Amino acid sequence: MYNLLKGKRGIIFGALDENSIAWKTAERAHEEGATFVLTNAPIAMRMGAIKTLAEKTNSQIIPADATKMEDLENLVEQATTILGGKLDFVLHSIGMSVNVRKSVPYTESNYDFTTKGWDVSAVSFHKVMNVLYNKDAMNEWGSIVALTYMAAQRVFPDYNDMADNKAYLESIARSFGYFFGTDKKVRVNTISQSPTPTTAGQGVKGFDGFIAYADKMSPLGNATAQDCADYTITLFSDLTKKVTLQNLYHDGGFSNVGVSQAVMDTFAKER
Ligand SMILES: NC(=O)c1ccc[n+]([C@@H]2O[C@H](COP(=O)([O-])OP(=O)(O)OC[C@H]3O[C@@H](n4cnc5c(N)ncnc54)[C@H](O)[C@@H]3O)[C@@H](O)[C@H]2O)c1
């Protein structure tokens with residue numbers, strides 16, 4: 001390991017189980033010398049797996065529903081007290097669509113579900129940054145990262161309203177990132193990750209076919225959760241201080257490929 005995060009403090013949202021991108025990132029941050037607080041929605045705590053991660057990484061857990069300002073205020077206050085100072089990094093690794101969960105087709109969206117998913121998946125990022133900004137809880141040259149998916153730019157029909165939530169999330173990263181950069185010298189970026197077999201990922205209809213297709217389309221193959229953790233660590237490190245307001249594709253090259261030979265071969269007719 002490289003001690004890339006030695007002495008740095010942070011908050012990691014969204015480690016549900018060992019497949020979670022946040023889980024892998026917490027393990028890597030620990031290996032790189034960071035100290036951090038783990039958080040997730042109170043309902044996710046009931047599954048209990050996060051305790052294993054906390055023990056493994058010497059971290060404390062503070063439950064917070066990322067849609068509730070009072071929970072976020074409590075989280076940030078407690079985290080800075082426990083960690084002994086302002087924060088250097090925050091990972092927002094949160095996503096949920098009620099329409100997807102309940103298999104409601106995009107063309108028949110239930111708007112109560114749409115609003116809930118938008119709040120959890122997108123507006124929560126604004127709320128997290130609002131609390132960090134107004135409590136002046138980030139150190140200069142700190143780094144805030146949220147996870148997104150390319151359905152924000154291109155159509156993937158089964159991604160449903162999560163596509164719209166991700167477009168909104170990426171816009172919040174730019175808009176809030178402007179103020180965080182100008183006023184506090186803190187960077188804000190989104191990582192646009194390959195399809196990944198996690199609880200959230202597998203909730204999307206047709207995920208198995210889709211992940212195989214993406215793998216065949218990507219010159220380097222799909223990026224795994226472990227790969228994503230590595231990339232996130234670089235964005236938390238001092239080696240990327242001037243990277244901000246970006247949506248960074250971490251997808252084995254998928255986003256710039258029209259078609260691959262492997263996919264062509266599947267459709268080519270024998271002559
Ligand atoms: N898995 C993929 O294919 C993929 C691809 C690109 C981007 N992403 C994004 O990566 C992020 C992490 O997802 P994952 O794939 O690791 O799945 P995951 O299911 O392991 O993580 C999602 C997390 O969101 C948390 N969450 C839900 N509602 C919450 C709330 N109200 N408050 C706080 N936390 C809440 C869940 O408890 C869970 O820990 C999400 O933003 C997801 O959209 C995933």
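1. Two strands count as paired if DSSP finds at least two bridges between them; strands are DSSP E runs of at least two residues, helices are H or I runs of at least four, and both are numbered from the N terminus.

2. Before going on, a word on the model. This is a predicted one: local features need pLDDT of at least 70, side-chain atom pairs count only at pLDDT 80 or more, and totals for chains, interfaces and linings use all residues. Residue numbers start from 1 along each chain as its sequence is written.

3. Have a look at β4 (87-92). Three bridges join it in parallel to β1 (residues 9-13), with I11 partnered by V90. Five bridges join β4 to β5, also running parallel, and here F89 has S143 as its bridge partner. Six of the six residues of β4 are buried, so the strand is largely enclosed by the rest of the structure. Buried means that 20 or more other C-beta atoms (placed from the backbone) lie within 10 Å of the residue's own; exposed means 12 or fewer, and partly exposed is in between.

4. On to the ligand: 27 residues surround it, and the closest are L16, S20, G95, A200 and G201. Being near here means a C-beta atom, placed from the backbone, within 6 Å. α1 (21-31), β5 (138-148) and α8 (199-202) each supply at least two residues of this shell, and α8 gives the most, with three. The shell divides into 14 nonpolar, 12 polar and one charged. Nonpolar covers Ala, Val, Leu, Ile, Met, Phe, Trp, Tyr, Cys and Pro; charged covers Asp, Glu, Lys and Arg; the others, Gly among them, are polar.

5. Two backbone spots to check. Most residues other than glycine have a negative phi. N58, not a glycine, has a positive phi of about 55°; N58 is in the loop between α3 (49-56) and β3 (60-61) and counts as exposed, with 9 C-beta neighbours inside 10 Å. S103 also has a positive phi, near 55°, and its place is the loop between α5 (98-101) and α6 (111-134).
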